[in-house]
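Welcome! Here is a short tour of a structure that may be new to you, taken one region at a time.

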Amino acid sequence: MSFIAGFTHQRGALILPSQVRKFEGKPLRIFLQDGTGDVNIQSNQDMIAALDGAGYDAKLVVGSEGHNMKHGGPILPDALRWVWRDWTKPIAKPQKSFASRFADTSMDWEVVSGGHKFTEGPAVDRDGNVYFSDIPNNRIHKIDHGSGKVSIFKEDTGGANGLMFGPDGRLYACQDGRRRIVAYDAAGKETVIAEGARSNDLAVNARREIYFTEPQTRRVWFINTKGEKRVVHEGIPFPNGVRLSPDQSLLLVADTVTRWVWSFQTQPDGSLNYGVAFHRLEMEDEVGAGQMRSGADGFTVDTEGFLYVATRLGIQVNDPAGRTVAVLLKPSDKDPSNAVFAGPALDTLYVTAGDQVFRRPMKRQGVFPWKPSKPPVPRL
C-alpha cells in the first residue's frame, strides 16, 4: 500500500515503471493513492500503467487533495479491505510482463545440482546434456538432461572455468590454474590446445577456432586451428563471458564492471572489427557499498539472436538491437554466473549460481555453437 507517494520522481527512479514491465513478476497486490493536487501525481499514473501492463493486481485511487492524508486517511479501511480480500488464497504471479514472452512465468527455477563450491561454465553437448565446472573443487560435472542424474566427468581440472563443446565433439575448457586452453574427449582424455595466458570464458566456432577472455589483462584472445594464439582486442575493463552470434558473424563480450556487452564483427582470419559497447544492461540505481556494476558474467544466445546474460539483477534478455527487453528473476540469492540452453530441443535454460545449478523451461530455443544458423532480421 502506498499513499501520496512520489517515489518514481526521486533519485533516478523514473526508470522503475520501465523495469516493472521488463522484470519477471512477483506475487504482489498493490494499492496506490494520490490526489490531483499533488505535484507528483504523474509518478503514480506512470506506475499504475506499468503495473497494469505487466498484469499485476493493482489499483490507483485518485482524490482531489494535494500531498497530504486528507483523502488517504478516510479511505484506509477500504484500501485494507481491498488488499486483504480473498486472504485465504495465494496471490498469483502476473503473467503479462515482457519476461513472459521468453519463459512461462508460472513456473519457478528447479534445482538440478547442489552441494558444490562455485559452479560455472555450463556447456551443452550434441545430445542436450549439460557439463559445468566447480572451480574450487577442480571438477567438471555432467547433468543428464533426461534423468537429471549428475555425475563427475573429470577430476583435477586445473581450475577449469569456462567450457564449450566444439564441432569435433570435444569439450573445450579454460584451464586458468595452469594457464592453458585444453580439450577433453568423451573419455576425459586431455589435449592441450594453447598455453601461456590466463582465461575465464571461451567461444568455439564451426571451424574449431577459439576466442577467450583474459580479464586480468583486459584482453580477448584468438586461437587458430594450429594452436597459434594472438590478442585480437584490448581495453574492455573486465572482459568476462564471450559468445558468438547464431551466424557467427559477431563476437559478443560481456563487461562485468559496466553495463555493456560489446559487439565485434569477426573476420576470416579471426580478427575483430568495429567493436562497440552495444547491448545495454539494466543496473541498480545505487549500491550500499562498493562499486556499482552490472556483474555481467556468462551468457547464451537463442535462435533469434537474443542474449541471456547472467547479471546481479537476474538473467537479462537483450534483443539484437541492443536493448534489455526482459529480466528473469535470479534462481537464488546468489548472483548467477552463466547460462546455456540444453535438452534435446534446446528449450531449457540452465543457470549456474553459487553452489547450485538450476533449470527452467523456456519459450525460445538455443543454438549449438558448431551449427551456424541465420537469425531473422532484427525488429525495432
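In helix 3 (residues 72–83), the buried residues are G72, I75, A79, W82 and V83; buried means under 20% relative accessible area, exposed over 50% (1.4 Å probe, protein chains only). Seen down the axis of helix 3, these buried residues fall within an arc of 90 degrees, so they line one face of the helix. The arc is that of the directions from the helix axis to the C-beta atoms.

What do the buried residues of helix 3 pack against? Their partners are strand 1 (2–3), strand 2 and strand 3 (57–63), with contact meaning heavy atoms within 4.5 Å. On the other side of helix 3, P74 and R81 are exposed. Helices (H or I, at least four residues) and strands (E, at least two) are DSSP runs, numbered from the N terminus.

## About the model

This is a predicted model, where local features need pLDDT of at least 70 and side-chain atom pairs count only at pLDDT 80 or more, while totals for chains, interfaces and linings use all residues. Residues are numbered from 1 along each chain as its sequence is written, and side-chain values use heavy atoms, leaving out hydrogens and water.

## A buried loop residue

Now look at T157, in the loop between strand 8 (150–155) and strand 9 (160–165). Is T157 buried or exposed? T157 is buried, with a relative accessible area of 0%. Not counting residues up to four places away in sequence, T157 touches N138, R139, I140, Q175, R178 and Y184.
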